[in-house]
Amino acid sequence: MKKKEILKQLNAEFDRLTPDMSDRVKNQPIEGDFVPETVPVYAEGGGSSGGRDKRKLAAVFAAVAVLFIAAAVMLVFLMPAWRSGCSYRLGEGYISIETKGAGGVSLLADVEPKTAESGFSLFLVTDSDGKVVNVTAGDRAAEILLAGVSAECAAKGESLTGGAAEETVRLLSEKARALGYLADGTLSLTSVSAQGGAASEELAKSAGESAQSGAGAGVSVVSAAGDEAYLRAALGVSEGSVEDLLAIAAEKKGYLSESAEEMFSGADSGANEAYNAYLFELLEEYIDLLDDRAEAIDELFEICMEIREELGLSGLAKPVIVWDEEKNAAVLNPDIEGSVGREWKEEFEEAMEECAEAGFIPHGDEDLYLYRLFYSSVDFELAEEILERFEDTLAEINEVLEKIKELFAGLTTQFGEYLEELKAEWASLTDGWSQSSFTDPEDYIEAMTEAFEREYERLLGRG
């Protein structure tokens, strides 16, 4: 309701509630000094109408007071809109956050990276109060980021939406660096405001400062203002005003949801394609885990060899690693701990932690040696090439699985025990979801979100 309309209605209510003067009162001249008339107070139920008139007048003034309060409340709520010259908007601002792929190609285009190293892209939309109303991932890497951060927020009873845009940008930038997404040292932001160029520049400045605060030193943050043409290209829309485009962005779903809807848009292929995509995601996740494990084992092995060389140990008569039954953990041999420098001891403990995070706990030197020999026999680069080759042909997931198995099947029989361990690990990873489990997009989104949350933890070194 506009200000003039409120005042007009208020005046109308005053006219309606105020008693009309009689002609005698209106025409009566005012003579001499005005002396207020003493009105006798009658007991309730008395015969005079004076009491009723006073009660009626009191009721009138009470109603007027209520109207004043109501008008004041409405003015308080409407005042910000009058000051800014516009009403509240759900979609007021747009902030994209991304890194660039190979060759500097923006990932807001049709590029869909499968690894964080290729870059990531996401955007958030704010309302007129500067609060986040939507956060959307543009690719798999961004979905991993959002899945993990959303899970962390939920554990604290919070949400990625509803908070100040500056804080959300800072948090996402901080987590992107922690995941290794900013390894090339550059983060790009583009901001657009419904209020025009000057407001877009101000939003870009604020977003850039928040991103730099989160990304920290060593990361170059480039933050610029965008325009209507930029928004159209980013959202894949051919026409529309900034306000229309922001409304679309506020309702836009992310990479995962859009992929799910596309899969289930056909009559028959949805469940099968969704399950294959999920299996492919799990396979990528598992190969990454094994690769991390191989690196951790190799690092621990090198440290143990350095300690052996420094102390002049030969053979396995005096091992570096022993199993502590009380602690139920692998530890540095107490017999040599006093002879090992503090620096070597710290490096040993850090390497043991990395092995534990990758799912490997050696019970002794021989155990470490055999595991290293086993994992060094696996060509992980070839495994990644196989995954990249088939990433766009999910119908051939069985062929991918067979080729990955061949990488391990070629190992010598002395590793049969380790191969069985891998089979058991893979079975536990796929447990709980089968092809019949994927009956609609929500099933696929749920399963993939769980996988992305695990990948988030792995990238942080907590999985």
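Axes are lines fitted to C-alpha atoms, for helices over the stretch in contact, and angles run from 0 to 180 degrees between N-to-C directions. Helices (H or I, at least four residues) and strands (E, at least two) are DSSP runs numbered from the N terminus. The model is predicted, so that local features need pLDDT of at least 70 and side-chain atom pairs count only at pLDDT 80 or more, while totals for chains, interfaces and linings use all residues. Residues are numbered from 1 along each chain as its sequence is written, and side-chain values use heavy atoms, with hydrogens and water left out.

The protein chain has an average pLDDT (the predictor's confidence in each residue, from 0 to 100) of 79, and 73% of the residues score at least 70. Below 50 lies the stretch of residues 30-48, which has one contact (heavy atoms within 4.5 Å) in the model beyond near neighbours in sequence. Residues 102-117 also stay under 50, and for these the model has 30 contacts beyond four places in sequence.

Helix α10 (residues 270-311) packs against helix α16 (residues 416-430) at an angle of about 140°, with the axes 11 Å apart. The two helices are therefore oblique to each other; angles under 35 degrees count as roughly parallel, over 145 as roughly antiparallel, 65 to 115 as roughly perpendicular and the rest as oblique. On α10 the contact involves Y278, L279, L282, L283, E285, Y286, L290 and R293, and on α16 it involves L422, E425, W426, L429 and T430. These residues comprise nine nonpolar, one polar and three charged (Ala, Val, Leu, Ile, Met, Phe, Trp, Tyr, Cys and Pro count as nonpolar, Asp, Glu, Lys and Arg as charged, and the others, Gly among them, as polar).

With helix α15 (residues 397-409), α10 makes an angle of about 20° at an axis separation of 10 Å, and α10 and α15 are therefore roughly parallel. This crossing is left-handed. N276, L279, F280, L283, I287 and L290 of α10 meet I397, V400, L401, I404 and F408 of α15; the contact has ten nonpolar residues, one polar residue and no charged residues.

Helix α17 (residues 441-459) crosses α10 at roughly 10°, the axes coming within 10 Å, which makes α10 roughly parallel to α17. Among the residues that meet are Y278, E281, E285 and D292 in α10 and Y444, R454, E455 and R458 in α17. By class, the contact of α10 with α17 has ten nonpolar, no polar and seven charged residues.

Five strands form an open sheet of mixed pairing in the order β3-β2-β1-β4-β5, two strands being paired if DSSP finds at least two bridges between them. β3 (132-137) and β5 (220-225) stand at the edges with a single partner strand each, so one side of each is left without a neighbour in the sheet. Neighbouring strands are turned by 15° against each other on average, direction ignored. Strand β2 (residues 121-126) runs antiparallel to β3 and is joined to β3 by five bridges; L122 has A137 of β3 as its bridge partner. Helix α5 (residues 165-178) lies across β1 (93-98), β2, β3 and β4 (186-193), at about 165° to β2. Helix α7 (residues 228-235) also packs on the sheet, touching β1, β2 and β4, and its direction makes about 60° with that of β1.

Notes:
Left-handed = near helix turned anticlockwise from the far one by under 90°.
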